[in-house]
Amino acid sequence: MRATFLRFLTLAVAILAVPACGSSTNSGGGSGATGTTNGDKATNSGSVTAKSADGSSTSVSANAPASQSSAAGSGGAKQLGAMATDKILVLYISDATSLITITVDTDKNPLPASGIKVGDASSGAFVTYTGTAGAFTSDGSAGTLDITSCPADANNTVTVGKLNGVVVTGASATGGAGSITLDGTFNLVYFGGYGTLKCTAPATSSGSDAGTTDVASTAGGTCGYQICGDTTKNCCPYMPCLQPCFLKCSMDLNTCITGCMSNPTDMNCPLNCSSAADTCMTACLGSCKVSDSCKTAAQAFNTCAGSADQAACANKQDNDKTTCEVDQCCTQAKAAF
């Protein structure tokens, strides 16, 4: 059941990011929508100073080859890199003892941008820090974020940016409340995810190229129809409800997995997180009142796409894999979406 609902999650959140088969979502923005800072596309790096209220400080320093497993935190390792869920960009900077996460809602803060106000976890941008000093989260009291490039293509773009006096507060390792100020820079390679980030075209753009565009990481496929172009089509009426619900499940899963890092010897912790995510996603299907006909059609696509994963789409990633699966299972995709 877990694989079924995870694939349903991929469909519900990622499939609408796939361009209309035979077209592109980069309308007007083109490749320039990623910004003008190219950065290092092969290496994740970060250098952040964490200064406590008592004046003591430590550093979070990262410099390692980029990989999807690193960005996803596979194998129990701390995450390092950039990932996306819908329009949410999450950046991970880690070393042996510390992890910084930077979460930006690009719907509220289209990228690239400077001086992004860092707030609490309910805002358009927030930061967490976990290290030997304890666990801390930004509360909006101080600090901004600069991101000079908007990632678009998985394995081909980076997020380059800077933390400017970001204050995070929480329970210190010695007990009681404490605060830490984060300053530093980062270059994090993007490995895709689910959905599309909102990128603002460069200031040099004009006419139809100006403004904001949702940038997908895939080229059009061969299926030959617009997914959910007819919003009444089988599963499509449920997408507006499912997308934010699944997004919350995904964010909760990420928070849960991050929490597991505080006790790496608890091997059941990640499994419990995954089980909670399954329950959350199953609840979404119920709360959004997804019809039996939609579930049947989606399961038919799941079965077909699973076969495609083992054949034509085996070496593709993220939205490219979704495009491939839609092309291989066009009849089933049309029936569902």
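Two strands are said to pair if DSSP finds at least two bridges between them. Helices (H or I, at least four residues) and strands (E, at least two) are themselves DSSP runs, numbered from the N terminus. The structure described here is a predicted model, in which local features need pLDDT of at least 70, side-chain atom pairs count only at pLDDT 80 or more, and totals for chains, interfaces and linings use all residues. Residues are numbered from 1 along each chain as its sequence is written, and side-chain values use heavy atoms, with hydrogens and water left out.

- Strand 1 (residues 43–52) runs antiparallel to strand 2 (residues 57–65), and 9 bridges link the pair.
- Alanine 50 has threonine 58 of strand 2 standing opposite.
- The hairpin formed by strand 1 and strand 2 has 4 residues between the strands, and glycine 55 in this hairpin adopts a positive phi near 95 degrees.

**The protein as a whole**
- The protein contains 7 helices and 13 strands.
- Of its 337 residues, 47% are buried; buried means under 20% relative accessible area, exposed over 50%, and partly exposed in between (1.4 Å probe, protein chains only).
- Contact means heavy atoms within 4.5 Å; among contacts between residues at least 6 apart in sequence, 66% join residues at least 24 apart.

**Confidence**
- The average pLDDT (the predictor's confidence in each residue, from 0 to 100) is 75 for the protein, and 73% of the residues score at least 70.
- Confidence is highest in strand 9 (residues 144–147), at a mean of 94, and lowest in strand 13 (residues 212–215), at 37.
- Residues 12–37 have a pLDDT below 50, and the model gives this stretch 81 contacts beyond near neighbours in sequence.
- Residues 201–220 stay under 50 in pLDDT, with 57 contacts beyond four places in sequence in the model.
- Where pLDDT is low, the predicted coordinates should not be read in detail.

**Threonine 101**
- Threonine 101 belongs to strand 5 (residues 99–105) and counts as buried because its relative accessible area is 6%.
- The side chains of threonine 101 and threonine 128 are joined by a polar contact of 2.3 Å. A polar contact is a pair of N or O atoms within 3.5 Å; within protein, one must be able to donate a hydrogen and the other to accept it, and residues adjacent in sequence count only if both atoms are side-chain atoms.
- Beyond its neighbours within four places in sequence, threonine 101 contacts Leu91, Tyr92, Phe126, Val127 and Thr128.

- Buried residues in helix 4 include Cys269, Cys273, Ala277 and Met281.
- Lysine 289 is classed as exposed because its relative accessible area is 66%.
- The peptide bond from leucine 111 to proline 112 is cis, with omega near 0 degrees, and proline 112 sits in the loop between strand 5 and strand 6 (113–117).
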